[in-house]
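Student: I have a structure to go through. Can we take it step by step?

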Amino acid sequence: MDSVFLVVTLGAVIAGFVQGLSGFAFGLVAMSFWAWVLDPRLAATLAVFGALVGQIIAAITVRRGFDLQRLLPFVLGGLLGIPLGVMLLPRMDMDWFKATLGVLLVLWCPAMLFAKNLPRISAGGRAADAAVGMAGGVLGGIGGFAGTLPTLWCTLRGFEKNAQRAVIQNFNLSVLLVTMGTYLATGIVTRDMLPLFAIVATAMLVPALLGAKLYIGISEARFRQIVLGLLTGSGVALLASAVPRLLERMA
């Protein structure tokens, strides 16, 4: 049990710093640690809780305002997607889910990272933003991955650093609040989880503040590199945790 606490703490420390720096990715980073030692539903619940704590910290320390017209389609779509994600969570084959998401991130993000000129998508308007938000809501309901697809989409939209941070930060905060409330209402959160919640909140506090402080001083180009690099690394970690289990099941 001590080793479990250690892994949970380590995952929270690193994921907290990453979220403070980038505004997202707590769930992706934390799950790359926790998936090895925790039940998938417990790991997903802790990821949602930790991501929510990180977003609350960010809302206080990294205020970038928001453009309501730009944000609203993402949030409305995300709120529609949450119930589907929560419904899928107990039925989801988490190994296949992580492998699929990992492949997407590993193939797409490096292509974006090394492209001299990123393609900018202007088509689709608010309907496309809402669809991406809905996909993020589904991923948030499954396990705290709400910001992954919206972050990629904002990058393709060509949003500058602070505009992207404002969308993702406020989107994640909205989706994660509703997701955690849904987890509580449906009994996914149990009393046995509370000690681990306390560990996660305590371990991530200082790293999240340090990451937020570092964010303020980085350039637009460096921010894009950090975001895409983190998404790529998260994809690798997801594949590393899922593929061996899938191969073992197929043997």
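Tutor: Helices are DSSP runs of at least four residues, numbered from the N terminus. Keep in mind that this is a predicted model.

Student: Which helix gives the most to the nonpolar patch?
Tutor: The patch lies on the surface and consists of Phe-17, Leu-205, Val-206, Leu-209, Leu-210 and Leu-214. Together these residues have about 510 Å² of accessible area. With 5 residues, the top contributor is H9.

Student: Is Leu-214 buried, partly exposed or exposed?
Tutor: Leu-214 sits in helix H9. Its relative accessible area is 44%. Buried needs under 20%, and exposed needs over 50%. Leu-214 therefore counts as partly exposed.

Student: Is Gln-169 buried or exposed?
Tutor: Gln-169 belongs to helix H8, residues 161-186. Leaving out residues up to four places away in sequence, Gln-169 touches Gln-55, Ala-58, Ala-59 and Val-62. Its relative accessibility is 6%, so Gln-169 is buried.

Student: How many of the 9 residues of helix H2 are buried?
Tutor: Helix H2 spans residues 26-34. Its buried residues are Phe-26, Gly-27, Leu-28, Val-29, Ala-30, Met-31, Ser-32 and Trp-34. H2 is therefore largely enclosed by the rest of the structure, and the buried count is 8.

Student: What covers the buried residues of H2?
Tutor: Contact here means heavy atoms within 4.5 Å. Several helices take part in the cover. It includes H1 (2-22), H3 (40-61), H5 (94-114), H7 (148-157), H9 (194-216) and H10 (220-250).

Note on methods. Residues numbered from 1 in each chain as written. Predicted model: local features only at pLDDT ≥ 70, side-chain atom pairs only at ≥ 80, totals over all residues. Heavy atoms only, no water. Buried < 20%, exposed > 50% of the residue type's maximum accessible area, 1.4 Å probe, protein only. Helix = DSSP H or I, 4+ residues; strand = E, 2+ residues; numbered from the N terminus. Patch = residues over 30% accessible without salt bridge, like charges linked within 9 Å, V, L, I, M, F, W, Y side chains within 5 Å. Areas by Shrake-Rupley, 256 points an atom, 1.4 Å probe, with all protein chains shown as cover. Salt bridge = Lys/Arg side-chain N within 4 Å of Asp/Glu carboxyl O.
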